[in-house]
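User: I am new to reading protein models. Please take a close look at the salt bridges here and walk me through them one by one.

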Amino acid sequence: LDQELRTLREELEISNVRCQSKEEELASICASLQDAERQIEDLRSELQLTDKFQCADAKALELASQIHQQVSHGREHAGAQKGSGASADGNEMSRATTGSS
């Protein structure tokens, strides 16, 4: 009977050591999972920022394109006025003179 008790105690001790080892392993896994969750949250935040930056970049490119078009149109318009400005001024002068006589 004593031998059986000793054997059972030894088995119980071995089981306790195994349980303790498994508990430590689980604690390590939980810590790794928590780290992974933090990394996922960090990546989500980065992704949101990246999306915001990409959206801002797209808007900036669109605005730059609009400004470029407006500047080009303004230059073309100014060039057309400059090129026909002398004849327009001359026409206006002759109209003014013709209208007054």
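Analyst: Glu41 and Arg44 sit three residues apart in helix 1, so about one helical turn separates them. This pair forms a salt bridge. Its closest N and O atoms are 2.8 Å apart. Keep in mind that the model is predicted. How exposed are the two partners? Glu41 is partly exposed, with a relative accessible area of 44%. Arg44 is partly exposed as well, at 49%. Both values fall between the 20% and 50% cut-offs, which means neither residue counts as buried or as exposed.

Now go to Asp35 and Arg38. These two also form a salt bridge, and here the closest N and O atoms are 2.3 Å apart. Both residues lie in helix 1. They are three residues apart, about one turn of the helix. Asp35 has 37% relative accessibility and counts as partly exposed. Arg38 has a relative accessible area of 48% and is partly exposed too.

The remaining pair is Lys22 and Glu25. Their salt bridge has its closest N and O atoms 4.0 Å apart. The cut-off for a salt bridge is within 4 Å. Where do the partners lie along the chain? Lys22 and Glu25 are three residues apart in helix 1, so they are separated by about one helical turn. Helix 1 itself covers residues 2–100. Lys22 reaches 51% relative accessibility, and exposed means over 50%, so Lys22 counts as exposed. Glu25, at 42%, is partly exposed.

Next, the setting. The protein chain has one helix and zero strands. How much of the chain is buried? Buried residues make up 1% of its 101 residues. Buried means under 20% relative accessible area. The chain exposes about 9400 Å². Carbon and sulfur atoms supply 56% of that area.

Leu1, Leu5 and Leu8 form a nonpolar patch on the surface. Together they have about 340 Å² of accessible area. Leu8 is found in helix 1.

To trace the bridges yourself, start with Lys22 and Glu25. Move on to Asp35 and Arg38. Finish with Glu41 and Arg44.

Methods:
Residues are numbered from 1 along each chain as its sequence is written. This is a predicted model: local features need pLDDT of at least 70, side-chain atom pairs count only at pLDDT 80 or more; totals for chains, interfaces and linings use all residues. Side-chain values use heavy atoms; hydrogens and water are left out. A salt bridge is a side-chain nitrogen of Lys or Arg within 4 Å of a carboxyl oxygen of Asp or Glu. Helices (H or I, at least four residues) and strands (E, at least two) are DSSP runs, numbered from the N terminus. Buried means under 20% relative accessible area, exposed over 50%, partly exposed in between (1.4 Å probe, protein chains only). Patches are made of residues with over 30% relative accessible area and no salt bridge: like charges are joined within 9 Å, nonpolar side chains (Val, Leu, Ile, Met, Phe, Trp, Tyr) within 5 Å. Accessible areas come from the Shrake-Rupley method with a 1.4 Å probe; for residues, only the protein chains shown count as cover.
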